[in-house]
Amino acid sequence: MTQAEPAHTLEQHIGAWREFLRRRCAIEPADVAELEDHLRGQIAALLDAGLAADEAFLVAIKRMGAQDAIAGEFARAHSERLWKQLFAAPDGAAAAGRTAARREGIVVFALAAAAALAVKVPALFGVAMMGPDAGFYARNLGLFALPLLTAYFVWKRGLDWRTCGWLALCFATAAVVANIFPFAPDANTEVLLALHLPIALWLAVGVAYAGGRWGQSAARMDFVRFSSELFIYYTLMALGGGVLAMFTTAMFKAIGVDAGWLVGQWLLPCGAAGAVIVGAWLVEAKQGVIETMAPVLTRLFTPLFAATLIVFLATMAWTGRGIDIERNFLIAFDLLLVVVLGLLVYSVSARDPGAPRGPFDFLLVALVISALIADGVALAAIAARISEFGFTPNRVAALGENAVLLVNLAWSAWLYAGFLRGRGRFAAVERWQTAYVPVYAAWAAIVVVVFPPAFGFG
Amino acid sequence: MDIAKDLVAASATPLVLAIVAEGDTYGYALLKRVAELSGGQLQWTDGMLYPVLHRLERHGYIAGRWGESETGRRRKYYGITAAGRAALADQRRQWQAVDAALRTAWFAAAPAPG
């Protein structure tokens, strides 16, 4: 019995140490297993050298190093886990963290309020949201909230004056471009500008988000992750806002007051602008919550989309039906590629780059390849009849987008397939995705700046 | 003698690559080999080895696989890759250049002690 007891307490010690290490967010269970193997090896050697069990344990722990420092190193080696380390602040820093969090809360509240009010500023000058001036709001959509979102990151990351200057220049240029063109009434290029300007400006947000690390692949990946997480938060907030708007209208109706103007003129537009800032702050502050949700969503929808696409292709091949070319079918295929690319990028950003290939990787490649085939068939169909349709701005924009997405997906599929065949590394897929980020913004900028004059503002 | 932290950190990559190039190994054995090679002069905090290993694995210089130890515990073994050998050769050239420069400098400063 006395023989067994030291071994028993040693196991308890190791168990406690393991539990403690597991709470470090930057250290994954596999890493803990690896460290535990090391610790046991060290203890065995020390026991052989004649130390008592508890002495051996203490010496081995001491040689292993401080858990804080190890966790920090792990986070640096796996930069995708870095933010976890930032949020798992040691107890001593908790008080300082609380003050910083309160200050951040104030800044976020001020910026969100500013974004909400920015939407109402044009109204002071008699530009109404509805009616003939609706185009003004559409064109300037990105300019209400995005500069303030950028300001949030400028503040948070402490950017230098030079970068701030460039960012300010970007937004100023965007504001001039959005308002200088003499659009014809109901111009297609005006709609295209309204749709593409926020995409182009999103790059400026990215530069601010990266905080001087924009050149690094890891920083861009963080931004991609941030964008998709913000998208989820924003969707959730939009759902909540919709419910709130419905209740407001219905309750005031019950007492015979029409609250439609309050909802339509204030609640929805101001809320939509303010929610961008609040959403970004939530992503920054509560990353742990979404991080468990996003991979689940991708894993849920990737098989469904892959199955739909494969069944679609099989049906098309089986029945021999060509794609029926309608007015908006190219847009539909663009959207399909966006969804597939979104699933791919999201999976890439959530994936542990060191993990070995698994069934999900094959599924993802199957999804991308079937999307490529479907899009190829669609493009072939339109290429045959493009002269008949003519080059309208909408069609050129849709074709350009298709090309941008197609190039990305085709090369991603190639790299991913290389990884699956064991020829390449997963990091290549990651690097390609992050290197491609500016291309979207560049194409959007072309649509914004070149299209209106090229198509005679029609 | 305490070797400066920066120097320990800088020499970690070539040292780990060189040891893994000797044959597949795991963390604890690797650290023992480091102590052996340096005559106990080069002391690493044990836990710090693993982030270095993971970084090298991510760069594709070494490849890790899970296996079992003699006692049946889960253990992660590392082996060198072709890219790792190339990196090692490159590191070796760099360190030899530094070493050659230092040797010349020592000789010029204090010709042949003893």
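Two residues are in contact if their C-beta atoms, placed from the backbone, lie within 7 Å. The legends below refer to a predicted model.

**View 1. Chain A, a chain of helices without strands.** Chain A has 19 helices and zero strands. Of its 458 residues, 31% count as buried. Contacts in chain A with a separation of 6 or more come, for 79% of them, from residues 24 or more positions apart.

View 2. Chain B holds four helices and three strands. Buried residues make up 27% of the 114 residues of chain B. Where contacts in chain B join residues at least 6 apart in sequence, 51% of them link residues at least 24 apart.

**View 3. Packing of helix α1 against helix α4 in chain B.** Helix α1(B) spans residues 5-22 and helix α4(B) spans residues 82-109. Their axes lie 10 Å apart and meet at an angle of about 130°. This angle makes α1(B) oblique to α4(B), because angles over 145 degrees would count as roughly antiparallel and those from 65 to 115 as roughly perpendicular. The crossing of α1(B) past α4(B) is left-handed.

**View 4. Residues between α1(B) and α4(B).** On the α1(B) side, the contact is formed by B:Thr13, B:Pro14, B:Leu17, B:Ala18 and B:Ala21. Facing them in α4(B) are B:Gly84, B:Arg85, B:Ala87, B:Leu88, B:Gln91, B:Arg92 and B:Trp95. By class, the contact of α1(B) with α4(B) comprises seven nonpolar, three polar and two charged residues. B:Arg85 and B:Arg92, both in α4(B), fall in the charged class, because Arg counts as charged.

**View 5. The side of chain B that touches chain A.** Here 18 residues of chain B are in contact with 22 residues of chain A. At least two residues of this side of chain B come from each of α2 (27-37), α3 (46-58) and β3 (74-80). Helix α3(B) gives the largest share, nine residues. The residues of chain B that touch chain A comprise four nonpolar, six polar and eight charged.

Methods
Residues are numbered from 1 along each chain as its sequence is written. Chains are lettered from A and ligands numbered from 1 in the order in which they are written. This is a predicted model: local features need pLDDT of at least 70, side-chain atom pairs count only at pLDDT 80 or more; totals for chains, interfaces and linings use all residues. Axes are lines fitted to C-alpha atoms, for helices over the stretch in contact, and angles run from 0 to 180 degrees between N-to-C directions. Angles under 35 degrees count as roughly parallel, over 145 as roughly antiparallel, 65 to 115 as roughly perpendicular and the rest as oblique. A crossing is left-handed if the near helix is turned anticlockwise from the far one by less than a right angle, and right-handed if clockwise. A residue is buried if 20 or more other C-beta atoms lie within 10 Å of its own, exposed if 12 or fewer, and partly exposed in between; C-beta atoms are placed from the backbone.
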